[in-house]
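Work through the exercises below with the sequence and the model side by side. Try each task before reading its solution.

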Amino acid sequence: MSLRLLLAIGITSVVAQTASAQWYYNTGASASTVGESHARGLADIVRAQGEYNLNTARAAIDVEEARSQYIENRNRAQQVWFEMRRRNNEFRAEMAGPKPTSEQLFRFNQERAPQRLAASQLDPLTGEINWPFILTDKPYDEYREKLNLAFAMRAREGSYANVDEYRNVTGTAESMHDELKARIRDYSPQDFVDASNFMKSLVYDAQFPSG
């Protein structure tokens, strides 16, 4: 049996008790004997108890209605939130446009790949490296020496002797680049960008044969 039905039955009972007490009181309103006065007092007590029960029952109904309204409002708020989230995702997907194809991704990655050094930066015949000015500083002396020898040998031999030699060259170039990035605060933004791009191209160029 639901709470609303129980409350309705309780209210009906309370109303009946109250009406009965009221009738009892009214029929004896003109009484003047001790017994009649006692009956009138009893009727007042019953009526007061009935009114209290009636008000309590009504309050319980109000609480139940408030609870139901709260649950309904909460469910509605959740539905609104999910609907807004769905619309937001659809809007972002629409603004992002269609997903790129595999060919477009390949072309994009190719465009982002570093370019090989120009002949003015790396002589294809001698392997001589024309270093950016800030990379001629003392902290890079050891790296430059190893790379100058490696690229000169590659130009002379046409390629590296083996895979280990190639790994040593690229590892040295990457370590030199890391040293540059660790000193980023020592240089102007443009000098740093130019030197960083040079090192990326040097690492990229190292994987090709000379020429």
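The exercises go from the overall fold to helix packing, then to charged pairs and a surface patch, and they rest on a predicted model.

**Exercise 1. The overall fold**

Task: Describe the secondary structure of the protein, and state what share of its residues is buried.

Solution: Begin with the elements, where the count comes to six helices and zero strands, so that the pattern read along the sequence is α-α-α-α-α-α. Turn next to burial, for which the cut-off is under 20% relative accessible area; buried residues make up 23% of the 211 residues. The protein exposes about 15200 Å², and carbon and sulfur atoms supply 55% of that area. Finally, consider the contacts with a separation of 6 or more, of which 69% are accounted for by residues 24 or more positions apart.

**Exercise 2. Two packed helices**

Task: Determine how helix H4 and helix H5 are placed against each other, and which residues meet there.

Solution: Two packed helices are described by the angle between their axes and the distance between the axes. Here helix H4 covers residues 141-157 and helix H5 covers residues 163-182, and their axes come within 10 Å and cross at roughly 145°. The crossing of H4 and H5 is left-handed. As for the residues that meet, those from H4 include Tyr143, Arg144, Leu147 and Phe151, while those from H5 include Val169, Ala173, Met176 and Glu179.

**Exercise 3. Arg144 in its surroundings**

Task: Is Arg144 buried or exposed, and which residues is Arg144 in contact with beyond its neighbours within four places in sequence?

Solution: First locate Arg144, which has its place in helix H4. Because its relative accessibility is 14%, Arg144 counts as buried. Once the neighbours within four places in sequence are left aside, Arg144 is in contact with Trp131, Leu135, Thr136, Asp137 and Met176. The C-alpha atoms of Arg144 and Ala173 are separated by 8.6 Å, although these two residues are 29 residues apart along the chain.

**Exercise 4. Salt bridges within and between helices**

Task: Compare the positions of the partners in the salt bridges Glu83 with Arg87, Lys146 with Glu142, and Arg154 with Asp205.

Solution: Side chains of opposite charge can pair when their charged atoms come close. With a limit of 4 Å between a side-chain nitrogen of Lys or Arg and a carboxyl oxygen of Asp or Glu, the count comes to ten salt bridges.

1. In the pair of Glu83 and Arg87, the closest N and O atoms are 2.9 Å apart, and both residues lie in helix H2, four residues apart, which is about one turn of the helix. Glu83 counts as partly exposed because its relative accessibility is 29%, whereas Arg87, at 55%, counts as exposed.
2. In the pair of Lys146 and Glu142, the closest N and O atoms are 3.5 Å apart; the two residues are four residues apart in helix H4 and are therefore separated by about one helical turn.
3. In the pair of Arg154 and Asp205, the closest N and O atoms are 3.2 Å apart. This pair links distant parts of the chain, with Arg154 in helix H4 and Asp205 in helix H6, 51 residues apart. Both Arg154 and Asp205 are buried.

**Exercise 5. A nonpolar patch**

Task: Which residues form a nonpolar patch on the surface, and where is Ile45 found?

Solution: The patch is formed by Leu42, Ile45 and Val46, which together have about 250 Å² of accessible area. Ile45 is found in helix H2, which covers residues 34-96, and because its relative accessibility is 57%, Ile45 counts as exposed.

How values were computed: Residues numbered from 1 in each chain as written. Predicted model: local features only at pLDDT ≥ 70, side-chain atom pairs only at ≥ 80, totals over all residues. Heavy atoms only, no water. Patch = residues over 30% accessible without salt bridge, like charges linked within 9 Å, V, L, I, M, F, W, Y side chains within 5 Å. Areas by Shrake-Rupley, 256 points an atom, 1.4 Å probe, with all protein chains shown as cover. Buried < 20%, exposed > 50% of the residue type's maximum accessible area, 1.4 Å probe, protein only. Contact = heavy atoms within 4.5 Å. Axes fitted to C-alpha atoms, helices over the stretch in contact; angles between N-to-C directions. Left-handed = near helix turned anticlockwise from the far one by under 90°.
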